[in-house]
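Subject: Structure for you to look at

Hello,

Here is the structure I said I would pass on. My notes on what was found in it follow below.

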Amino acid sequence: MNHILTILIFFPALAGLMGFLVDKKSIKPYVVSITLIELFISLYLWYGFNSAEIGMQFVEQANLIEAFGVQYLIGIDGISLFLVILSTFMTLIGVVSISDDTEDLRELLLTILFLEMTMVGVFVVLDAILFYLFWELSLVPMLYIIGAWGGNKRVYASIKFFLYTFTGSIIMLVGMLYMAYLYYQASGTWSFSLLEWYRLQLPLDYQIWLFVAFFLGLAIKVPMFPFHTWLPYAHGQAPTVGSVILAAVLLKMGTYGFIRLSLPLYPDATVYFLTPIAILSLIMIIYTAMVAYAQKDLKQLVAYSSISHMGVIILGIFALNPEGITGSIFLMISHGIVSGALFLLVGVIYDRRHTKMIDEFGGLASVMPRYALIFGIMAMASVGLPLTIGFVGEFLSLVGFYKYSHIMGIIATGTVVVGAIYMLSAYKRTFFGKVVNSENSKLSDLNLREYLTLIPLTILVIVLGIYPKPILKPVDESVKAIISLMHQKAVTEEAKKIIPNIKIGEEARK
Amino acid sequence: MNFDINLNINISNFIDTSTLLYIALFSPIVGSLIAGIYGASPKRIGIGIIVSSLIFLSFLASAGLFLHLYFGGSIVNVRMMDWISAGDLSVPFGFVADQVSVTMMLVVTLVSTIVHIYSIGYMEKDKGFNRFFSYLSAFVFSMMFLVMSDNFLGLFIGWEGVGLCSWLLIGFWYERESATWAANEAFIMNRIADLGMLIGIFLIYWHFGTLQYDEVFAKVNSIPVDIISMIAIFLFIGAMGKSAQFPLHTWLADAMEGPTPVSALIHAATMVTAGVYLVIRANEIFALVPEVGYFIASLGAFVALFAATMALVNRDIKRVIAYSTLSQLGYMFVAGGLGAYWIALFHLVTHAFFKALLFLGAGNVMHAMEDELNIMKMGGLRKVMLGTALLMLIASVALSGIYPFAGFFSKDKILEVAFDTHNYILWGTLWLTAGLTAFYSFRIVMLVFFGSARYKDFGIHPHEAHGFMLWAMTPLAVLAIVAGLFEHQFIDFVTKILPVYNFSEGIHEIIGQLVMVTTAIAVTGITIAVLSNMFKEGLFTNTFKSNFIYKLLDNQYYIPKIYDEVFSKPYRELSELFWKSVDLKIVDATVDGIANCILSTGENTRGMQSGNLSIMLRLMVIGITVLLISAILYSYADSILTLLQGVLN
Amino acid sequence: MNLSISLEHYLLLSSILFFIGLYGVIVRKNLLMLFFATEIMLNAVNIGLVAISNYYGDLTGQMFAFFIIAIAASEVAIGLGLLVIWFKRHNTVDLDSLQSMKG
């Protein structure tokens with residue numbers, strides 16, 4: 001129990017190394033059981049998590065490079081807890097979804113295990129250098145997954161993905177080093193611990209530069225407009241499992257980084273850049289939704305819709321109030337589940353027809369009714385219908401952001417319209433109408449493997465839509481802690497005004 | 001009609017009222033799930049029966065709650081569980097059965113029960129029989145959720161839920177292009193309105209700090225009036241979408257692509273009245289801002305006339321009734337906007353009865369005519385389907401507002417309110433509309449049931465609907481006749497929570513004249529319709545059809561075309577442009593451009609690395625020289641600068 | 001007029017020699033000549049060092065000069081050895097022939 005986080009991080013990677021010894025035929029059961037165990041460990045973490053406690057839990061600490069204060073410092077709060085569970089859960093779903101006759105099955109599965117380590121790592125480390133390490137390491141397995149198992153333009157897509165995100169993160173690294181230097185100047189000791197950094201109050205002009213450096217790294221990962229163009233290529237070329245994990249988890253690293261790094265470290269710069277970022281997010285929401293509407297490839301459509309939803313998440317984060325940030329974290333989870341499911345669903349017809357072009361289909365509702373039903377549920381969740389998982393986060397994010405600006409709030413809420421337009425028109429073109437193409441008339445409905453991946457997601461979509469409280473409550477507590485830290489740290493009047501003063505812990509109970 | 005009931009029933013002695021409430025709310029969704037399990041399997045008649053009985057159970061529970069409240073019981077308010085809570089926002093699943101919601105519940109469940117039973121016959125040959133019942137019951141659940149919720153966000157759940165079910169049911173025959181197109185149109189147009197609704201909810205949350213009705217209404221006087229009017233406007237935008245008010249009205253006529261029972265239930269009796277319900281429910285907000293109310297009333301009057309004119313010339317039986325629904329919704333908004341909330345609710349109730357009846361009758365006609373909708377191809381059908389003819393006649397008379405039918409009481413009250421508040425233009429508009437309403441209602445009746453049997457030319461052999469379908473419609477017919485007589489009981493009941501509308505003293509003297517005038521124009525409308533059809537079927541001659549006004553009305557004022565040209569097409573083209581030109585050619589090209597720039601820098605400077613030692617040596621010498629010079633310049637920078645300044649000065 | 005040789009003269013000589021050497025490094029293509037040119041540059045530096053050392057009466061400069069001579073000698077020894085091998089293999093000591101690491 002003392003080292004549960006360490007186990008959680010390194011168990012998949014060690015099991016992955018052992019995997020080379022496993023017989024080729026039994027590799028899939030092996031990897032599925034590893035990811036299942038990993039999921040149970042992360043659920044056990046939830047069980048042991050005390051949501052009433054403020055601050056990090058399950059903390060482990062060890063010095064790595066003492067002279068420069070680089071530590072092995074890990075711990076979780078309510079925010080990272082659910083992103084960890086999302087990672088382990090979606091990895092399991094992704095692994096189950098891989099068909100047995102994939103080429104080089106063993107290598108693919110072991111790469112995913114390695115990827116799982118980096119994803120869990122990013123969400124639990126509290127040391128900037130370690131964060132950067134896992135952040136960059138996560139690119140490598142993804143590069144392989146796209147580059148080796150992808151479509152025709154896979155090399156272009158994977159290199160673009162790698163170089164683009166890498167460029168951003170390098171700039172972020174420079175920011176981190178400078179931040180450590182500032183900390184050294186202020187306190188006389190070196191430290192990369194985020195918890196130490198949180199205590200550092202910086203003047204606005206320093207904050208601005210550091211914020212920009214971090215912003216570039218994080219925004220490319222999210223990806224925010226206009227840094228988003230790597231994503232459609234990556235999704236378009238990646239195999240289904242790659243898209244699922246990329247959309248469900250890897251993108252969340254960027255938004256998680258905003259909450260973990262940018263906001264609490266640079267509250268004044270956050271407020272300073274609030275309007276430009278809000279405008280970028282609005283463009284992201286409306287513009288990419290329109291681009292999604294124009295897509296002819298179903299997978300690209302889902303990819304662009306992902307960007308549009310990430311825009312709502314960013315807006316929720318920069319609402320800077322508990323409603324917005326809690327909502328955006330919930331939206332991260334719901335978007336992970338829904339977009340993951342949508343990519344799986346696209347994979348289903350791609351497996352059968354080897355095309356993702358919407359015009360090739362039509363009338364699938366009569367051929368594959370169960371598939372159409374699940375797709376319909378996911379489409380509605382994506383549109384943000386109440387009582388599905390998509391509504392809760394979207395509503396909270398938007399309600400939070402609306403406090404900041406009336407006009408921008410209205411534009412942002414336009415997501416409910418533009419989202420419905422592309423989703424419904426795609427659904428109509430794919431599932432409604434008569435079966436025109438004779439190749440579609442004999443398609444088989446979902447098989448057992450597909451049910452195993454889609455049913456749990458469907459259940460989650462509805463259950464968490466009706467009862468989101470188990471997630472919202474711990475998240476909300478941690479978010480309040482971050483906001484109260486931001487309010488205390490803020491140096492400018494404007495930031496003090498915009499970031500609410502929230503009482504947490506003992507104070508709140510009085 | 002005044003029967004004082006001394007018998008005092010206390011429902012809560014027999015059964016817990018919150019249990020009743022849960023039964024009323026959840027039995028439809030149970031039915032929906034049962035039918036949904038068999039959704040893809042072949043028709044089972046049992047599904048229809050089970051689902052209908054569950055809806056009937058819901059009706060009985062609603063009736064129990066009604067009796068409980070009617071005999072002085074207290075308002076039932078239950079909080080089932082927490083839903084969303086984050087920050088200071090806390091929204092539970094809370095339900096309330098007060099006088100307004102219980103009235104709605106009764107109407108919804110009653111019409112639903114009838115429509116469900118009717119559908120067993122109507123959908124008997126459809127391969128999606130089970131699926132249909134699943135959707136229809138899901139709709140009832142959403143609608144019950146909408147009216148029973150005790151907070152704005154719960155209302156929004158129902159609001160979106162009915163939108164979803166409407167989408168599913170309009171597009172029920174999904175193989176038809178027109179049906180799926182109409183379904184998407186309805187959903188998207190409603191979503192545009194929902195945007196307004198959401199903004200209204202946001203405003204309420206940030207200014208009241210809560211979304212519970214009772215808490216919001218308690219604080220309503222402490223909030224600045226400009227905020228209240230913004231809230232009222234945005235909530236009304238939401239209502240405009242659901243209730244298909246101009247300019248978001250086009251979806252309703254297109255929604256007639258759905259099966260007819262759906263049109264009866266959703267697009268006449270219940271869902272479209274949700275907007276009116278919202279105005280009634282939030283009356284404490286709307287009452288504070290009479291300017292907004294006046295706008296609502298004006299828009300309502302405009303829509304009443306506007307829709308009635310389109311109904312005059314349409315040849316599609318269902319579309320005519322749809323436009324009539326639009327027009328009647330306009331009436332309700334006039335009442336709501338002018339502050340006569342109970343009258344709006346009253347008209348909502350009576351309208352639900354006779355309009356559902358009218359649609360179900362139209363369904364019978366459609367079945368008889370093998371899904372033919374053009375009234376020009378019908379005629380003389382009373383000979384083969386007397387029952388339906390009778391029922392539709394009752395509904396049409398009620399719609400026209402002839403004493404003592406239900407429509408008379410509620411519609412006349414609205415006219416009186418308009419007159420009483422000195423809004424003579426509104427009154428005049430509504431008065432004219434009343435005449436048009438009577439005309440188009442009887443135009444349908446005449447063209448369908450009277451005159452020569454034109455259908456014979458098209459080889460159609462009509463037949464009457466199943467007996468049980470007609471019997472199922474009978475309660476609606478009875479209510480369409482007698483519902484108006486319960487006016488006083490209705491007032492007493494709903495004004496326990498709704499404000500009483502007090503007519504001014506002067507109005508009582510001329511009220512008789514007003515009734516006369518209104519009835520006169522209705523009778524005139526009927527007479528014109530009857531006479532013209534007796535002499536000349538179809539009334540409209542070919543010369544008339546080339547008339548500009550006829551064309552304008554026939555094309556629905558060209559509004560669908562305008563929308564297509566102004567919104568749909570540009571949106572699609574702009575999307576294409578954004579993708580192909582902006583995203584690929586600007587944003588992505590910039591990224592690739594930067595990458596290519598770096599690449600070509602490398603390519604061009606590669607020549608330097610020739611491996612030739614003498615070139616490298618030369619480069620080294622140049623490099624050292626540059627470094628030396630810059631070092632010197634840097635170390636003497638200050639003196640050089642002063643020197644330069646001296647030179648410049 | 002004082003004809004005695006002052007520090008400036010030594011430094012002038014050193015500079016002239018250095019530039020002669022530099023010129024050689026830039027223009028000559030023969031590897032052997034390149035060595036000569038390098039040696040001239042090194043010795044130019046040596047003259048400078050020794051002259052300044054004498055001027056300040058500090059022996060460090062002269063010590064450095066010896067150090068440089070030693071390094072130059074070892075460099076020439078290794079360099080000439082490599083040159084001889086190169087000549088045996090390619091029958092030329094022209095610089096343009098040494099281009100196997102082309103980028």
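A residue is called buried if 20 or more other C-beta atoms lie within 10 Å of its own, exposed if 12 or fewer do, and partly exposed in between, with C-beta atoms placed from the backbone. A:Asp104 has 11 C-beta neighbours inside 10 Å, so A:Asp104 counts as exposed.

This is a predicted model, in which local features need pLDDT of at least 70 and side-chain atom pairs count only at pLDDT 80 or more, while totals for chains, interfaces and linings use all residues. Residues are numbered from 1 along each chain as its sequence is written, and chains are lettered from A, with ligands numbered from 1, in the order in which they are written.

Helices (H or I, at least four residues) and strands (E, at least two) are DSSP runs, numbered from the N terminus. Two residues are in contact if their C-beta atoms, placed from the backbone, lie within 7 Å. The radius of gyration is taken over C-alpha atoms, and the globule rule is 2.2 Å times the number of residues to the power 0.38.

Chain A

Chain A has 24 helices and two strands. Its radius of gyration is 22 Å, which agrees with the value near 24 Å that a compact globule of 510 residues would have. The C-alpha trace of chain A spans about 70 × 60 × 45 Å along its principal axes. Of the 510 residues in chain A, 60% are buried. Among contacts in chain A with a separation of 6 or more, 79% are between residues 24 or more positions apart.

Angles under 35 degrees count as roughly parallel, over 145 as roughly antiparallel, 65 to 115 as roughly perpendicular and the rest as oblique.

Helix α13 (residues 274-294) and helix α14 (residues 298-317) of chain A pack with their axes 8 Å apart, at an angle of about 160°. That angle makes α13(A) roughly antiparallel to α14(A). Residues making the contact include A:Ile277, A:Met284 and A:Ile285 of α13(A), and A:Leu301, A:Tyr304 and A:Leu315 of α14(A).

Helix α17 (residues 369-383) and helix α20 (residues 415-431) of chain A pack at about 170°, and their axes are 9 Å apart. α17(A) and α20(A) are therefore roughly antiparallel to each other. Among the residues that meet here are A:Phe375 and A:Gly376 in α17(A), and A:Met423 and A:Tyr427 in α20(A).

The loop between α9 (204-221) and α10 (230-237) of chain A holds A:Pro223 and also A:Pro226. A cis peptide bond joins A:Val222 and A:Pro223, with omega about -10°. Another cis peptide bond joins A:Phe225 and A:Pro226, with omega about 0°.

A:Asp104 lies in the loop between α3 (78-97) and α4 (105-124) of chain A. A:Asp104 is not a glycine, yet has a positive phi of about 50°.

Chain B

Strands are said to pair if DSSP finds at least two bridges between them. Strand β1 (residues 76-86) of chain B runs antiparallel to β2(B), and nine bridges join them. Eight of the nine residues of β2(B) (residues 89-97) are buried.

B:Ile414 is in helix α17 (residues 406-420) of chain B. B:Ile414 counts as buried because it has 32 C-beta neighbours inside 10 Å. Leaving out residues up to four places away in sequence, B:Ile414 touches B:Tyr331, B:Val334, B:Ala335, B:Ile343, B:His347 and B:Leu430.

B:His422 is in the loop between α17 and α18 (424-449) of chain B. Phi of B:His422 is positive, near 65°.

Chain C

Chain C has three helices and zero strands. Its radius of gyration is 17 Å, well over the 13 Å from the globule rule for 103 residues, so chain C is more spread out than a compact globule. Buried residues are 12% of the 103 residues in chain C.

Between the chains

Of the two pairs of chains in contact, chains A and B share the most contacts. In that pair, 45 residues of chain A are in contact with 38 residues of chain B. α20(A) gives the largest share of the side of chain A that touches chain B, seven residues. Chain A and chain C do not touch, and their nearest C-alpha atoms are 23 Å apart.

Regards

Terms used
Axes fitted to C-alpha atoms, helices over the stretch in contact; angles between N-to-C directions.
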